[in-house]
Amino acid sequence: MTTQGVGVHSISSVLARAKTGGYDGTDALYSLAFYHQHGFYVKRDMGKAEILFIHLAQKGELGAKGQCHVHGWGGHRKNENEARRCWVRGAMEKNDMYSTLLLALHYQTKEETKMKSVELFKRAAYRKCTQAKYWLGYFYATGYGVDTDLVKAVEYYKESAKEGWPVSMHSLAICYQHGRVGKVDVQEAIANFQRAADAGYPPSVKALEKLRIPYSPRALEEVDITTVVSPEAIAAAAPPSPIPIGSPNMPRAVQSPPSARRSTTLGVGDAEKNLHLANRSRTLSHVTAAQSPLADSRTGGMAQGSPAGNRAHSFSTANPVQRPTAASHPADVPQTPPPRNRAHTIGAANVDQTPPAACRQADAAQTPPLTSPSQDIERARESVRKRKRESEQLDDLLASVQEKFKQAEKEREKLENENKELKEKLESAVRSWKDAEERLQAALSTEAETQKKLESALFISEVKNVASMAELKVLYNRAKELMAAIDERRDQLHEEAVAAARRGTRKK
């Protein structure tokens with residue numbers, strides 16, 4: 001996302017970067033996924049976005065893995081809590097920019113966590129995330145979670161638009177159109193509207209229509225992503241092939257007869273209500289078949305096709321209703337085959353015999369263990385409490401990380417201020433050095449002029465012979481003293497300049 005400016009780089013260059021691998025390749029793959037998801041620069045295709053996110057998740061990207069959990073892609077369980085855990089791990093443990101962005105976008109969808117998203121967007125923008133820069137521009141423009149600052153808003157919009165995010169181009173065009181910062185600039189507004197419209201952002205197309213600017217929509221590209229994703233990702237995104245009826249891979253609820261499947265569609269209350277009746281009916285059928293002489297006349301003496309025979313058969317083969325557990329779906333609950341009808345399997349001559357031990361053991365194995373509703377409710381409550389504790393721990397962890405991030409921001413601002421002060425002191429020391437050098441040059445010029453005057457005076461004295469030798473010696477000594485004073489003054493100025501330069505370097 002840091003270099004996804006397709007206004008500068010074409011889609012082909014993004015594809016080329018996606019093949020390189022490493023951080024730059026991962027960044028390009030995320031860009032392609034977001035472009036296909038939103039329909040920016042390419043035709044909107046959720047299938048290709050799904051493949052790209054699955055490919056990134058298979059590479060170990062927690063941001064993409066969370067996105068797969070949101071939509072249930074690539075065999076990942078569709079669960080927002082799992083997605084949030086992936087994003088929190090990526091943002092807090094690995095400092096992943098895209099996990100931070102997606103966690104912030106997730107928090108934006110809920111009223112109670114919207115304010116948390118501001119710090120996360122700041123963190124992602126600090127890592128050069130293009131979408132996060134747009135959101136910070138929006139926050140500064142509207143004053144949401146921060147002080148209103150239109151100058152900062154436009155700066156963030158410009159950075160994000162330069163990197164190719166169409167929504168930022170549209171927002172920047174509105175700022176130019178209404179003169180939010182500075183004068184109204186219609187030409188810049190139209191140019192940014194056109195850039196966003198070329199990228200496939202519909203509100204910019206409508207804005208150009210309102211301004212009555214002739215515009216023909218640019219055809220979006222079709223991208224072949226098979227060169228940048230793994231075959232495993234394509235296979236994971238493919239819809240499952242239909243299973244033929246009667247196949248061993250078909251769920252048991254589909255293989256079972258309709259009478260057996262009906263038990264799985266009952267509600268929890270219906271299952272608990274009918275379980276006792278079903279077990280009792282099966283027990284009564286065994287007692288009737290083994291002890292009652294009436295069994296011969298009702299079952300053994302009647303054909304199974306008769307109404308009485310069917311009634312006895314359905315009564316004796318009542319299937320105990322299974323209560324689906326919280327961890328299973330009704331279609332995945334294994335179906336217990338109906339117990340055999342003793343009245344039909346035991347002949348009329350064997351009616352007085354009790355059911356064999358093997359049959360009793362089979363019936364006991366077929367009867368599911370009973371669980372009371374209070375136990376199930378307690379388990380569900382414990383699961384909810386556990387999830388709540390995990391959520392609170394994650395929130396505490398996020399709060400502590402946000403606090404550390406604020407402290408780091410303060411330290412960074414403090415270091416920037418100290419650096420600024422040192423820079424100012426260095427500039428002052430350099431100016432002092434230049435002033436000392438100029439004074440030294442002036443002293444040297446004065447010395448040269450004085451020497452010239454002395455030589456001229458000596459020459460004139462010799463030529464005109466207007467003074468004695470003693471006077472000339474006095475004059476010479478005075479000139480010598482003047483030269484010594486000049487030399488001493490020059491050395492003093494030089495030492496002062498060197499000391500000032502050393503003090504400035506030491507402070508730096």
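What follows is a walk through the fold, the salt bridges and one surface patch of this chain.

The model is a predicted one, so local features were kept at a pLDDT of at least 70 and side-chain atom pairs at 80 or more, while totals for chains, interfaces and linings use all residues. Residue numbers start from 1 along each chain as its sequence is written, and side-chain values rest on heavy atoms, with hydrogens and water left out.

Starting with confidence, the chain averages a pLDDT of 75, and 69% of the residues score at least 70; pLDDT is the predictor's confidence in each residue, from 0 to 100. Two stretches call for some care. Over residues 1–9 the pLDDT is below 50, and this stretch has 40 contacts in the model beyond near neighbours in sequence. Residues 243–356 also have a pLDDT below 50, with 115 contacts beyond near neighbours in sequence. A contact here means heavy atoms within 4.5 Å.

As for the fold, the chain has 22 helices and 0 strands. Helices (H or I, at least four residues) and strands (E, at least two) are DSSP runs, numbered from the N terminus. Of the 508 residues, 36% are buried, where buried means under 20% relative accessible area, exposed over 50%, and partly exposed in between (1.4 Å probe, protein chains only). Among contacts between residues at least 6 apart in sequence, 58% join residues at least 24 apart. The accessible surface comes to about 30,400 Å², and 54% of that belongs to carbon and sulfur atoms; areas come from the Shrake-Rupley method with a 1.4 Å probe, and for residues only the protein chains shown count as cover.

Now to the charged pairs. Side chains of opposite charge can pair when their charged atoms come close. The structure holds 23 salt bridges, each being a side-chain nitrogen of Lys or Arg within 4 Å of a carboxyl oxygen of Asp or Glu. One of them joins Arg17 and Asp27 at 3.6 Å, N to O. The pair links distant parts of the chain, with Arg17 in helix H1 (residues 11–18) and Asp27 in helix H2 (residues 22–38). The two are 10 residues apart in sequence and 8.5 Å apart in space, C-alpha to C-alpha. Arg17 is buried at a relative accessible area of 15%, and Asp27 is buried too, at 1%.

Another salt bridge brings Glu163 and Lys133 together at 2.8 Å, N to O. Glu163 sits in the loop between helix H9 (150–162) and H10, and Lys133 in helix H8 (residues 130–142), so the pair ties together parts that are 30 residues apart in sequence. Glu163 counts as buried at 16% relative accessibility, and Lys133 is buried at 4%. Elsewhere, salt bridges that share partners join Arg77, Glu82, Arg85 and Glu390 into one network. Within that group, Arg85 and Glu82 meet at 3.4 Å, N to O. Both lie in helix H5 (residues 80–92), 3 residues apart, about one turn of the helix. Glu82 is partly exposed, with a relative accessible area of 22%.

Finally, the surface. Leu150, Val151 and Val181 make a nonpolar patch of about 210 Å². Patches take residues with over 30% relative accessible area and no salt bridge, joining like charges within 9 Å and nonpolar side chains (Val, Leu, Ile, Met, Phe, Trp, Tyr) within 5 Å. Val181 lies in the loop between helix H10 (166–178) and helix H11 (186–198), and is partly exposed at a relative accessible area of 37%.
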